[in-house]
Amino acid sequence: MARRLLAVFFIGSGVNHFVMPRAYREIVPQRWQGQAKRLVDLSGLAEVLGGLGVLVPALRRPAGLGLIALLAAVFPANVYMAQTPERFPKIPRWALYARLPLQPLMMWWAWTATRR
């Protein structure tokens, strides 16, 4: 069950990068804004492929490692949001900070769901 939920979560999130790209581009830290479109497209594609990989037994473990790496790679966007709350007035400040500890929990979920 955890494995299917993980796959659905990442596939859905990845597709959402292409449905609502502006929201994802806005959270790219300033120093990478020139590459925002490419970064959002790549991370969206990686999420979809990682989610699909979780469903394929032969790809499950590498997909889990890839998702963990992806979560580490996008963590700077969460830090950026917490450090610049004025750029995200529709999101409560507490929620910007609450996202930070979720990243390691998501990594743990990806690890455990792809190791069984």
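1. Glutamate 26 and arginine 22 are 4 residues apart in helix α2 (residues 21-26), so they are separated by about one helical turn; helices here are DSSP runs of H or I of at least four residues, numbered from the N terminus. Their side chains meet in a salt bridge at 3.2 Å, N to O, the term being used for a side-chain nitrogen of Lys or Arg within 4 Å of a carboxyl oxygen of Asp or Glu. Glutamate 26 counts as partly exposed at 34% relative accessibility, whereas arginine 22, at 64%, counts as exposed (buried means under 20% relative accessible area, exposed over 50%, partly exposed in between, with a 1.4 Å probe and protein chains only).

2. This is a predicted model, in which local features need pLDDT of at least 70 and side-chain atom pairs count only at pLDDT 80 or more, while totals for chains, interfaces and linings use all residues. Residues are numbered from 1 along each chain as its sequence is written, and side-chain values use heavy atoms, with hydrogens and water left out.

3. The count of salt bridges comes to 2, and one of them joins the side chains of lysine 37 and aspartate 41 at 2.7 Å, N to O. Both residues lie in helix α3, 4 residues apart, about one turn of the helix. Lysine 37 is partly exposed, with a relative accessible area of 49%, and aspartate 41 is likewise partly exposed, at 21%.

4. A search of the whole structure finds 3 aromatic pairs, where rings of Phe, Tyr and Trp (its six-membered ring) pair if their centres lie within 6.5 Å, and planes under 30 degrees apart count as stacked, over 60 as edge-to-face and the rest as tilted. The rings of phenylalanine 9 and tryptophan 109 have centres 6.0 Å apart and planes at 55 degrees, so this pair is tilted. It links distant parts of the chain, with phenylalanine 9 in helix α1 (residues 2-19) and tryptophan 109 in helix α5 (residues 93-113), 100 residues apart. Phe9, Phe10 and Trp109 form one aromatic cluster.

5. Tyrosine 80 and phenylalanine 88 form an edge-to-face pair, 6.1 Å centre to centre with 85 degrees between the planes, and both residues are buried.

6. Arginine 31 lies over the face of tryptophan 32, at 4.4 Å from the ring centre, and arginine 115 lies over the face of tryptophan 111, at 4.0 Å; the criterion is NZ of Lys or CZ of Arg within 6 Å of the ring centre and within 35 degrees of the ring normal.

Notes:
Helix = DSSP H or I, 4+ residues; strand = E, 2+ residues; numbered from the N terminus.
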